[in-house]
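This briefing describes the structure displayed below, with its points grouped by topic.

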Amino acid sequence: MKRPFGRWLLGAGAAAGLAALATRWPPINDVKTGATPEYPDLQPRHYAIGPDAVFLAAQLVAHDLPGWKVGDINPATRSFHADAPVPMTPFVDDIWVDVTPEGDGGSVVNVRSKSRVGKGDFGVNERRIRAYLAALDAHLKTTG
């Protein structure tokens with residue numbers, strides 16, 4: 001069965017668009033603040049607020065993000081794991097958040113987001129971390 005030329009052209013255009021998008025982001029699927037050379041500006045957040053308060057805020061913010069399911073909370077290490085959906089796909093990614101004390105009574109927040117499948121994420125993990133940290137910044141600014 002022959003395909004109409006218009007359908008072929010549309011399919012070729014979509015493939016070219018996906019190829020162009022794929023070159024925009026590095027071919028990685030695991031992003032961590034301060035540890036991913038492909039995103040050198042994505043650094044841990046430092047707060048002048050104690051780690052217990054920041055850990056509570058970090059959990060509250062994660063619970064408020066669309067689709068995030070927070071679990072595996074470890075108060076002793078001030079860390080937790082969350083699952084987050086990948087937009088417009090059936091896939092789910094993993095997120096880890098760690099809050100550590102800083103010498104001056106403040107806190108440091110590190111975030112890792114990793115795809116469960118594939119070799120590239122089209123920048124999803126990087127954008128997820130940025131959105132999470134922006135929400136955490138906003139929360140701590142209004143409550144801290």
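**Strand pairing**

S4 and S5 form a hairpin with 6 residues between them, and Met 88 in the turn has a positive phi of about 60 degrees. The model is a predicted one, in which local features require pLDDT of at least 70, side-chain atom pairs count only at pLDDT 80 or more, and totals for chains, interfaces and linings use all residues. Residues are numbered from 1 along each chain as its sequence is written, and side-chain values use heavy atoms, with hydrogens and water left out.

- Helices (H or I, at least four residues) and strands (E, at least two) are DSSP runs, numbered from the N terminus.
- S4 and S5 pair in the antiparallel sense over 7 bridges; pairing requires that DSSP finds at least two bridges between two strands.
- Within this pairing, Ser 79 stands opposite Asp 98 in S5.
- S3 and S4 also run antiparallel, joined by 4 bridges, and Val 70 stands opposite Ala 82 in S4.
- A hairpin is formed by S3 and S4 as well, with 4 residues between them; Arg 78 in its turn has a positive phi of about 50 degrees.
- Of the 7 residues of S4, 5 are buried, where buried means under 20% relative accessible area, exposed over 50%, and partly exposed in between (1.4 Å probe, protein chains only).

**Confidence**

- The protein chain averages a pLDDT of 87, and 83% of the residues score at least 70; pLDDT is the predictor's confidence in each residue, from 0 to 100.
- Confidence is lowest in helix H1 (residues 5–24), with a mean of 56, and highest in H2, at 97.

**Nonpolar core**

- The largest nonpolar core has 28 residues, and those with the most contacts inside it are Trp 68, Phe 80, Val 97, Val 109, Val 111, Tyr 132 and Leu 136.
- Such a core is a set of buried Ala, Val, Leu, Ile, Met, Phe, Trp, Tyr and Cys residues joined through side-chain atoms within 4.5 Å.
- Two or more residues of this core come from each of helix H2 (51–64), strand S4 (79–85), strand S5 (92–101), strand S6 (107–115) and helix H3 (124–143).
- H2 gives the most to this core, with 6 residues.

**Aromatic pairs**

- A search of the whole structure finds 2 aromatic pairs; rings of Phe, Tyr and Trp (its six-membered ring) pair if their centres lie within 6.5 Å, and planes under 30 degrees apart count as stacked, over 60 as edge-to-face and the rest as tilted.
- Phe 55 and Phe 80 form a tilted pair, 6.2 Å centre to centre with 45 degrees between the planes.
- This pair links distant parts of the chain, with Phe 55 in helix H2 and Phe 80 in strand S4, 25 residues apart.
- Phe 55 counts as buried because its relative accessibility is 6%, and Phe 80 is buried at 2%.
- The ring centres of Trp 68 and Tyr 132 are 5.3 Å apart and the planes lie at 15 degrees, so this pair is stacked.
- Trp 68 lies in the loop between H2 and strand S3 (69–74) and Tyr 132 in helix H3, 64 residues apart; Trp 68 and Tyr 132 are buried.
- Beyond its neighbours within four places in sequence, Trp 68 is in contact with residues including Ala 82, Ile 95, Arg 128 and Tyr 132, contact meaning heavy atoms within 4.5 Å.

**Ser 107**

- Ser 107 is placed in strand S6 and is buried, with a relative accessible area of 0%.
- The side chain of Ser 107 reaches the backbone oxygen of Ile 49 at 2.6 Å.

Definitions and conventions. Polar contact = N/O pair within 3.5 Å; in protein donor to acceptor, adjacent residues only side chain to side chain.
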